[in-house]
Amino acid sequence: MGSAPCSGKGRARGGLQDLGCMPWKLSKQKGVGVVRGGMGRGVGGERSDLGEHALSTLPATPPPPIYHEKQRRELCALHALNNVFQDGAAFSRDTLQDIYQRLSPGSLVTPHKKSMLGNGNYDVNVIMAALQTRGYEAVWWDKRRDVGSIALSNVTGFILNVPSNLRWGPLRLPLKRQHWIGVREVGGVYYNLDSKLRSPHTIGNPDELRKFLRYQLRGKNGELLLVVSEEVEVHQTWRSDGC
């Protein structure tokens, strides 16, 4: 069988134009050649019968779903826990209230009146006890150490306790109270899941997470808890420095 000349004026026997002279163009994906009007070769030399615009119109991989619980009353501890576990059913207000009552049998004299009424404002003891019911531990981070020594791959999530502005409806008051914030990785990206945010805020990669944590811990009132499994806590593998 003869080959058609590259000018395109001739035809091979049987009327098929030679593939070496068929017009072609590169798709927007680097290194992927798409043959117009016929069979082409994709990545790795695989045959493809996609049209010239098919690859450029393929839908992008959707981002993973992110669970983000919004602020209600003063239940930021509950929201931080559920956001770290990415599960709205991980803990409930009743669960935390039961833990609080168990830890504070003399609740009538506690200064945390909000907790006594079940409206929130739970302290670190409630968070630690709640985590233990699911086989996890809260490791308090010593701010004298740099967060660069945290073995991120062994940490399920982070719970920060930081000052936050009080609000009365849409008004921001010139007062601050401590606020619990959940942070964790979803789909290879770290997110700030603060329940006061309208939506999750992207922090980024591990280096950007460390910068974020350093910034949050810069003041005297910022504290950090590492949420880790019981096994990680027992073997202290949340530390990368081995000290």
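The model is predicted, so local features need pLDDT of at least 70 and side-chain atom pairs count only at pLDDT 80 or more, while totals for chains, interfaces and linings use all residues. Residues are numbered from 1 along each chain as its sequence is written, and side-chain values use heavy atoms, without hydrogens and water.

I begin with helix α2, residues 93-103, and helix α4, residues 124-132, whose axes come within 9 Å and cross at roughly 115 degrees. That makes α2 roughly perpendicular to α4 (65 to 115 degrees counts as such). Axes here are lines fitted to C-alpha atoms over the stretch in contact, and helices are DSSP runs of H or I with at least four residues.

Where do α2 and α4 meet? Leu-96, Ile-99, Tyr-100 and Leu-103 of α2 meet Asn-125, Val-126, Ala-129 and Ala-130 of α4, contact being heavy atoms within 4.5 Å. By class, this contact has 7 nonpolar, 1 polar and no charged residues.

Turning to burial, Leu-96, Gln-97, Ile-99 and Tyr-100 of α2 are buried, that is, under 20% relative accessible area, where exposed is over 50% and partly exposed lies in between.

Finally, the backbone. Most residues other than glycine have a negative phi. Gln-86, however, has a positive phi near 55 degrees; Gln-86 lies in the loop between α1 and α2 and is partly exposed at 22%. Gln-236 has a positive phi near 60 degrees, and is found in the segment after α6.

Notes:
Axes are lines fitted to C-alpha atoms, for helices over the stretch in contact, and angles run from 0 to 180 degrees between N-to-C directions. Helices (H or I, at least four residues) and strands (E, at least two) are DSSP runs, numbered from the N terminus. Angles under 35 degrees count as roughly parallel, over 145 as roughly antiparallel, 65 to 115 as roughly perpendicular and the rest as oblique. Ala, Val, Leu, Ile, Met, Phe, Trp, Tyr, Cys and Pro count as nonpolar, Asp, Glu, Lys and Arg as charged, and the others, Gly among them, as polar. Buried means under 20% relative accessible area, exposed over 50%, partly exposed in between (1.4 Å probe, protein chains only).
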